[in-house]
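User: I am new to this structure and would like to go through it with you. Could we begin once it is on the screen?
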Amino acid sequence: MASYFVRPRLLLLLLTLSVQVRGVGLGINYGQLADDLPTPSRVSVMLQSLNVSRLRLYDANPKVLLAFSNSNVEFMVGIGNEYLQDMADPAKAKNWVQHNLQPYLAQTKITCISVGNEVFMGNDTQLWSNLLPAMKMLYTTLVDLGLDKQVIVTTAHPYTVIGISYPPSSGTFRQDIIEYMHAILAFHSQTKSPFLINAYPFFAYKDDPTQTSLEYVLSQPNQGMTDPNTNLHYDNMLYAQVDAVYSAIKAVGYTDVEVKISETGWPSKGDPSEVGSTVQNAELYPSNLLKRIQKKEGTPAKPSVPIDIYVFALFNENLKTGATSERNYGLFYPDGTPVYNIGLQGNVTGVQDSVPGVIYSSASNIKAPSTFISLVIFAIAYLIHA
């Protein structure tokens, strides 16, 4: 049986290493559609030890919020699509905030409510119509309770809201949702909240692997592409996708709304038809993104705005439906085994014998984000098993 005991020397190493994700534009999606995940209290210890500072939930799970009390972790909490109609009702919106948000705000850093998720993925026009009223009512409720400066309101969109994405400068929203996007962007502009997009270059590669460069979607060295309208050069698809969203936003009249990536990732396993879903690619994708995040890079069209990303996801989730890939986006298996290979080098005197076969690297020796992600993967796995 696993123990809660963590070897002091390993914990000391984790606490003193100056490798952090705080402030570098990286968050992690903490999905919980599984029946075999570690408890929130254990996840809290793991992530705080590693200085992970931002998590996104798809609900407002009280066990998770309580587990992270008095931590420095910032939370984006979610409200399911099934509750959108209720959230347009003032009494129900107030009740939700008072029961799911207010009790935890004194000790847990909740900074954002994501209202619904990928509402425009389907064809439910009633759901489309319910989204903005729910967002507005929750924002009004926060204002009434004096919480609007502490908690923002937004929603996460699927990339399919973009009708034209190439070249990035010609990006536009789908014609059938233009009126909804215009109204939602007016809300974002008024409340200074970000436009969230779930962007997966993996999908583009999977759908057309013969015409899409794997190196381009993985941010590996490649020739890239040049936007013929702006002459801006793109060496990875994610940046092109983000700039296409900025172009779509500008096309409906807004230039003051920031785009943030609420989900992106790469599956380590998939169905035979899901080309590219391998462990090697799943490791390369976030590792290469981390290199860019650490440099505080912006996209070609927004070079002064550092890219802001939530990686999907912390664990593989065995209760997710759909293709095999849907259950294999995690950095870790639920038992704590890392999905990716681990390659740490270097040495910290007195610590290298803590775990047989592992050589640690001190902060002075850690130069690459790929080493960082390896450290994160190993340490979380070890803390689960400890």
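User: Which residues in α7 meet α8?
Analyst: A word first: this is a predicted model. From α7, Thr-125, Trp-128, Ser-129, Leu-131, Leu-132, Met-135, Lys-136 and Tyr-139 take part. Their counterparts in α8 are Tyr-180, Ala-183, Ile-184, Phe-187, His-188 and Thr-191.
User: How many of the residues in that contact are nonpolar, polar or charged?
Analyst: Nine are nonpolar, four are polar and one is charged.
User: At what angle do α7 and α8 pack?
Analyst: Helix α7, residues 125–144, packs with α8 at about 10°, and the two axes are 11 Å apart. Angles under 35 degrees count as roughly parallel, and α7 and α8 are therefore roughly parallel to each other.
User: And the crossing, is it left-handed or right-handed?
Analyst: The crossing of α7 past α8 is left-handed.
User: Which strands does α8 lie across?
Analyst: Helix α8, residues 178–191, lies across β5 and β8. Relative to β5, α8 runs at about 145°.
User: Over how many bridges do β5 and β8 pair?
Analyst: Strand β5 (residues 152–158) and strand β8 (residues 195–198) are paired over three bridges, in the parallel sense. In one of the pairings between residues, Ala-156 has Leu-196 in β8 as its bridge partner.
User: Changing topic, in what order do the strands close into a barrel?
Analyst: The eight strands of the barrel follow the order β1-β2-β3-β4-β5-β8-β11-β12, with parallel pairing. From one strand to the next, the twist averages 25°.

Technical notes: Residues are numbered from 1 along each chain as its sequence is written. This is a predicted model: local features need pLDDT of at least 70, side-chain atom pairs count only at pLDDT 80 or more; totals for chains, interfaces and linings use all residues. Side-chain values use heavy atoms; hydrogens and water are left out. Two strands pair if DSSP finds at least two bridges between them. Helices (H or I, at least four residues) and strands (E, at least two) are DSSP runs, numbered from the N terminus. Axes are lines fitted to C-alpha atoms, for helices over the stretch in contact, and angles run from 0 to 180 degrees between N-to-C directions. Contact means heavy atoms within 4.5 Å. Angles under 35 degrees count as roughly parallel, over 145 as roughly antiparallel, 65 to 115 as roughly perpendicular and the rest as oblique. A crossing is left-handed if the near helix is turned anticlockwise from the far one by less than a right angle, and right-handed if clockwise. Ala, Val, Leu, Ile, Met, Phe, Trp, Tyr, Cys and Pro count as nonpolar, Asp, Glu, Lys and Arg as charged, and the others, Gly among them, as polar.
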